[in-house]
Amino acid sequence: MENLHDLLVKRHSIRKYTDEPVDADSVCLILEAALLAPTSKSSRCWQFIVVEDKSVLEQISECKPAGAHPIKKAAFAVVVCADPSKSDPWIEDASIAAAYMQLQATDLGLGSCWIQVRDRYAADGTPSEEIIQELLGIPDVYPVLCVMTFGHPDETRKPVDTAKLLWEKVHVGAWRNVDAE
């Protein structure tokens, strides 16, 4: 395991994957990371659907006209949904779990990409989440937040240059209007 800072600097969205499968132990560790994620009032309102079938991945990739292409080539994807009746901040709860999965994947040398589904639409105007719910049999009471793709990277991304971090976005003690200066 690397230290957390190194993982954060190294993690990037990976949209191109090789055809190499991901071993079952790595898939399990990624899912375990999601299950370890904190939730509001320990509600554990999230649900995760693992999809490995290439034909299903291709169908999911058609849930919106742009930005979903990494799903098609991923070794596997995890559909992240949650039960809003169990947690008012379900979006935050599910988002933290998705981010934990990304960090675990990076630690394993795998790539990942967040594919936004909530508030996205297919070319015909159908909500993307409804397409995925129908395709995977997800009950309507579980809105889909995102699809997380995973696989062996088929692209190289440079680590983040920490010298270029936007420290002007950090305010200490109170808001400081940097635009007025």
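**Stop 1: two helices in contact.** Select Leu29, Ile30, Ala33, Ala34 and Leu36 in H2. They meet Ala97, Tyr100, Met101, Gln104 and Ala105 in H5. Nine residues of this contact are nonpolar, one is polar and none is charged. Remember as you look that this is a predicted model.

Now show the helices whole: H2 spans residues 24-36 and H5 spans residues 90-107. Their axes are 8 Å apart, and the packing angle is about 145°. The crossing of H2 with H5 is right-handed.

**Stop 2: the sheet.** In what order do the four strands of the open sheet lie? The order is S1-S2-S4-S3, and the pairing is antiparallel. Select residues 46-51 for S1 and 111-116 for S3. These are the edge strands, and each pairs on one side only. Neighbouring strands are turned by 20° against each other on average, direction ignored.

Move to S2 and S4. Six bridges join these antiparallel strands. Pick Ala77, then find Thr149 of S4 opposite.

**Stop 3: helices on the sheet.** Bring H2 back. H2 lies across S1, S2 and S4, and runs at about 165° to S1. Next show H5, which lies across S1, S2, S3 and S4. H5 runs at about 5° to S4.

**Stop 4: helix H6.** Select residues 128-136. Which residues of H6 are buried? Ser128, Glu129, Ile132 and Gln133 are. They sit on the same side of H6 because they cover an arc of only 130° around the axis. An α-helix has 3.6 residues a turn, so residues three or four places apart point the same way.

Look at what surrounds the buried residues of H6. They pack against H3 (54-60), S2 (76-82) and S4 (144-151). Step on to Gly137, which follows H6. The phi of Gly137 is positive, near 75°.

**Stop 5: two loop residues.** Select Ser42, in the loop between H2 and S1. Ser42 is not a glycine, yet its phi is positive, near 50°. Is Ser42 buried or partly exposed? Ser42 is partly exposed, with a relative accessible area of 48%.

Finish at Asp119, in the loop between S3 and H6. Asp119 is not a glycine either, and its phi is positive, about 65°. Its relative accessibility is 47%, so Asp119 counts as partly exposed.

Conventions
Residues are numbered from 1 along each chain as its sequence is written. This is a predicted model: local features need pLDDT of at least 70, side-chain atom pairs count only at pLDDT 80 or more; totals for chains, interfaces and linings use all residues. Side-chain values use heavy atoms; hydrogens and water are left out. Axes are lines fitted to C-alpha atoms, for helices over the stretch in contact, and angles run from 0 to 180 degrees between N-to-C directions. A crossing is left-handed if the near helix is turned anticlockwise from the far one by less than a right angle, and right-handed if clockwise. Contact means heavy atoms within 4.5 Å. Ala, Val, Leu, Ile, Met, Phe, Trp, Tyr, Cys and Pro count as nonpolar, Asp, Glu, Lys and Arg as charged, and the others, Gly among them, as polar. Buried means under 20% relative accessible area, exposed over 50%, partly exposed in between (1.4 Å probe, protein chains only). The arc is that of the directions from the helix axis to the C-beta atoms. Two strands pair if DSSP finds at least two bridges between them.
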